[in-house]
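Here is a short report on the fold of one protein chain. It starts with helix packing, then turns to the sheet and to one residue within a strand.

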Amino acid sequence: MRLRVEFTTEPFDLDEPPQHAVIAREVVQSAALDAVDVGPFGNTAEGTADTVLTTVDSMLRESLAAGATRVSLQVNVVAETSVAENAAAEGDA
């Protein structure tokens with residue numbers, strides 16, 4: 001099973017990323033995930049269920065310890081072929 005996670009951490013700081021947001025991104029970027037996309041108002045990543053769930057656990061623990069007061073999180077099951085199809089579509093473009 002493949003999962004896609006979307007998350008944001010709060011409180012926001014428009015001047016510079018707060019430490020909890022930096023740590024959350026570092027956890028996700030260092031994991032063995034596919035299709036990682038980080039942004040100022042939300043982050044997404046996709047991978048196997050075990051990898052996503054392990055990464056979410058670490059991200060929650062570390063970002064809360066770094067001062068996050070809220071983490072908004074959504075996890076969706078995605079088709080097994082989504083990464084392969086996306087790669088093929090990019091190759092055709």
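Axes here are lines fitted to C-alpha atoms, for helices over the stretch in contact, and angles run from 0 to 180 degrees between N-to-C directions. Helices (H or I, at least four residues) and strands (E, at least two) are DSSP runs, numbered from the N terminus.

The model is predicted: local features need pLDDT of at least 70, side-chain atom pairs count only at pLDDT 80 or more, and totals for chains, interfaces and linings use all residues. Residues are numbered from 1 along each chain as its sequence is written, and side-chain values use heavy atoms, with hydrogens and water left out.

**Overall layout**

The protein chain has 3 helices and 4 strands. Along the sequence they follow the pattern β-α-β-β-α-β-α. Of the 93 residues, 29% count as buried. Buried means under 20% relative accessible area, exposed over 50%, and partly exposed in between (1.4 Å probe, protein chains only). Contact means heavy atoms within 4.5 Å. Among contacts with a separation of 6 or more, 68% come from residues 24 or more positions apart.

**The helix pair**

Two packed helices are described by the angle between their axes and the distance between the axes. Helix α1 (residues 19-30) packs against helix α2 (residues 49-65) at about 160°, and their axes are 9 Å apart. α1 and α2 are therefore roughly antiparallel to each other. The cut-offs are these: angles under 35 degrees count as roughly parallel, over 145 as roughly antiparallel, 65 to 115 as roughly perpendicular and the rest as oblique.

Which residues meet? From α1 come H20, I23, A24, V27 and V28; from α2 come T55, S58, M59, E62 and S63. By class, this contact has 5 nonpolar, 4 polar and 1 charged residues. Ala, Val, Leu, Ile, Met, Phe, Trp, Tyr, Cys and Pro count as nonpolar, Asp, Glu, Lys and Arg as charged, and the others, Gly among them, as polar.

**The sheet**

The 4 strands form an open sheet in the order β2-β3-β1-β4, with antiparallel pairing. β2 (34-38) and β4 (70-78) stand at the edges with a single partner strand each, so one side of each has no neighbour in the sheet. Neighbouring strands are turned by 20° against each other on average, direction ignored. Two strands pair if DSSP finds at least two bridges between them.

| Strand pair | Bridges | Direction | 
|---|---|---|
| β2 and β3 | 3 bridges | antiparallel |
| β1 and β3 | 6 bridges | antiparallel |

A hairpin of 4 residues joins β2 to β3. D37 stands opposite T44 in β3. F7 has N43 in β3 as its bridge partner.

Both helices also meet the strands. α1 lies across β1 (2-10), β2 and β3, at about 165° to β1. α2 packs on the sheet and touches β1, β3 and β4; its direction makes about 10° with that of β1.

**A closer look at G47**

Is G47 buried or exposed? At 0% relative accessibility, G47 counts as buried. G47 lies in strand β3 (residues 43-48). Leaving aside neighbours within four places in sequence, G47 is in contact with M1, R2, L3, L33, D34 and V52. G47 and R4 are 43 residues apart along the chain, with their C-alpha atoms separated by 6.7 Å.
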